[in-house]
Amino acid sequence: MLKLSNVEVKYAGVILVLRGVSLEIGKGTIVSLLGSNGAGKTTTLKAISGLLHTELGEVTAGTIEYDGCRIDKLDPEQIAKMGIIQVMEGRRVLEHLTVEENLRLGGYIRNRDNITKDLDMVYDYFPKLRSLRNSTSGYLSGGEQQMVVMGRAMMAHPRIMLLDEPSMGLAPLIVEEIFELIKKFNSEEKSSILIVEQNARTALGVSEYSYVLENGRVVLDGPSSKLADNEDIKEFYLGLSKIGEKKSYRDVKHYKRRKRWL
Amino acid sequence: MEFIGSLIISGLMNGAIYGLVALGFVLIYKSSSVLNFSQGHMLLLGAYIFWFFKSSMGLNLYLSLLLAIGVGFLIGILIERLTLRRLIGQPLISMITVTIFLSLVIEGFVSLIWGSYPLQHIAIFSNRCFNIGSCVLTTQNLYAFGLALTTALALILFFRYTNLGLAMRGVAEGHQIMQGMGISVKKILNISWGIAGMAATIGGIILGSTLGFRLGLSHIGLLAIPAAFIGGLESPEGAILGGLLIGLCESIVSGYIGNAAGVPAAFMILIVAMIFKPYGLFGLVKIERV
């Protein structure tokens, strides 16, 4: 459904952030994108959603195809209307608006007649939001704000939802709850979901397929269950190292060397 | 008693118009964080366009009102489209500079076409008087006050209860978020300018029909600035309240101290208000603000 081939992104014409990222998201699947800070995860999402254009970024090479048509030159508004909605990182609620107003704006591009039905759907996913519907969203807790921004994206009934670090700064229990809901939303609404995460364990647990990004390149990809068993992933992303054993530089980041040989 | 009564009445009447113009400031500031210094001149232009339809074309009153308001809307849209659209994402100071000098351009345009002398008076409202207690009230005052308040109220309701109004409030909070939801920020900003142009025109017509159609009308924009600031730059209700406050203060001070003191007094209130309430009475308190 969505296919990135060799996407290269430059900011302000000089800062090269993505150096040829290729990935694919199938219909109704959950795909996760892992990587450390500065690897280019968020940039990849913004390249897809078109929000890159609002930040002086540009896709300088490669293509992004959605249902067979190129979207890498389109405005973010157009891309959103085509059914790709990004939930930005850092819980970007519209602070001074109430929870329900936030949600209503999420459904702005949809048919107005369905808005009550859509609101009910979101409140069923997040029962807590129903009781908070008239509160000013800026004063909610972090977990609640995450629910608001996700609910706001759900209002648009996206065909692909791009989730940028939904777990950031949240307590483990809330993270678990949120990932449960992501799974539920995916299976009930048949939306594809691309999750960007630092929390590799949770992301691998919920997704079917994963990509590992480093320095603007995909260095590893595969079915999530398989990646979870990968020695490198275990060591660098899951924190399962053989503590106390002597380590040689030869073993460090095995895949990085391998890629260079290719 | 009579004296203060009539001062209060004229103060409130002027105040309602200040409020209406301040509402134009608020409309644009809310959605784009730009202070539109040309609001007063949009008012001037709106008033003259009404005069053109009514006097030069000889159309009937309601038709020319409607046409003038429509043209006011178009002028707002045009200004946004031609000048500020290009500046989205550019430093705020460049936008503000544009609006300041735009006002001079508009004034030049108006005096080029209609000359710099006051135009022939058009009375929209009948000039009957009646008494409330010992104060004299003209129907003209009453209508002007009512019309300004009704327009303001309509805009407040529009913001609160319509989808477009909601989208405008959303745009005020974050352009990127709105674009991510498929809402065109450009379109919303464009409409905001249109509505501001409309509000300015209505204010201009009311003011012109009471004070006369002359270039000095644009000075009201200057008094609407303190009104908007005192009320809080994001709050339509605040704009009206600020307008009434400034109107009252101006009229009372100029009545008791002297005409020359009225306007400075309004600005003095602004300064005091800013010191004690930097965000205005109903402004949204945010961390990153000018």
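Reader: How many positive and negative side chains does chain B have, and how far apart do the centres of the two sets lie?
Author: In this predicted model, chain B carries 14 positive and 8 negative side chains. The centres of the two sets are 10 Å apart.

Reader: Which helices and strands make up chain B, and in what pattern along the sequence?
Author: Chain B contains 11 helices and two strands. Along the sequence, their order is α-α-α-α-β-β-α-α-α-α-α-α-α.

Reader: What radius of gyration does chain B have, and what would a compact globule have?
Author: The radius of gyration of chain B is 19 Å. This agrees with the rule for a compact globule, because 290 residues would give a value near 19 Å. The C-alpha atoms fill a box of roughly 60 × 50 × 35 Å along the principal axes.

Reader: What share of chain B is buried?
Author: Buried residues account for 54% of its 290 residues. As for the surface, chain B exposes about 12,700 Å², with 71% supplied by carbon and sulfur atoms.

Reader: And the contacts in chain B, what percentage join residues at least 24 apart?
Author: The figure is 73%, taken among contacts between residues at least 6 apart in sequence.

Reader: Turning to one residue, where is B:Thr138 found?
Author: B:Thr138 belongs to strand E2 of chain B, which covers residues 135–138.

Reader: Is B:Thr138 buried or exposed?
Author: B:Thr138 is buried, because its relative accessible area is 18% and the cut-off for buried is under 20%.

Reader: Which residues does B:Thr138 touch, leaving out those up to four places away in sequence?
Author: B:Thr138 touches B:Asn127, B:Arg128 and B:Cys129. As for B:Val253, 115 residues apart from B:Thr138 along the chain, the two C-alpha atoms are separated by 22 Å.

Reader: In chain A, how many residues of helix H3 are buried?
Author: Seven of the eight residues in H3 of chain A (residues 99–106) are buried, among them A:Val99, A:Leu103 and A:Leu105.

Reader: Which helices do the buried residues of H3(A) pack against?
Author: In chain A, they pack against helix H4 (115–125), helix H5 (127–131) and helix H6 (142–154). In chain B, they pack against helix H6 (163–173) and helix H7 (175–180).

Key
Residues numbered from 1 in each chain as written. Chains lettered and ligands numbered in written order. Predicted model: local features only at pLDDT ≥ 70, side-chain atom pairs only at ≥ 80, totals over all residues. Heavy atoms only, no water. Helix = DSSP H or I, 4+ residues; strand = E, 2+ residues; numbered from the N terminus. Buried < 20%, exposed > 50% of the residue type's maximum accessible area, 1.4 Å probe, protein only. Contact = heavy atoms within 4.5 Å. Rg over C-alpha atoms; globule rule 2.2 N^0.38 Å. Areas by Shrake-Rupley, 256 points an atom, 1.4 Å probe, with all protein chains shown as cover. Lys, Arg positive; Asp, Glu negative; His and termini not counted. Charge placed at Lys NZ, Arg CZ, Asp CG, Glu CD.
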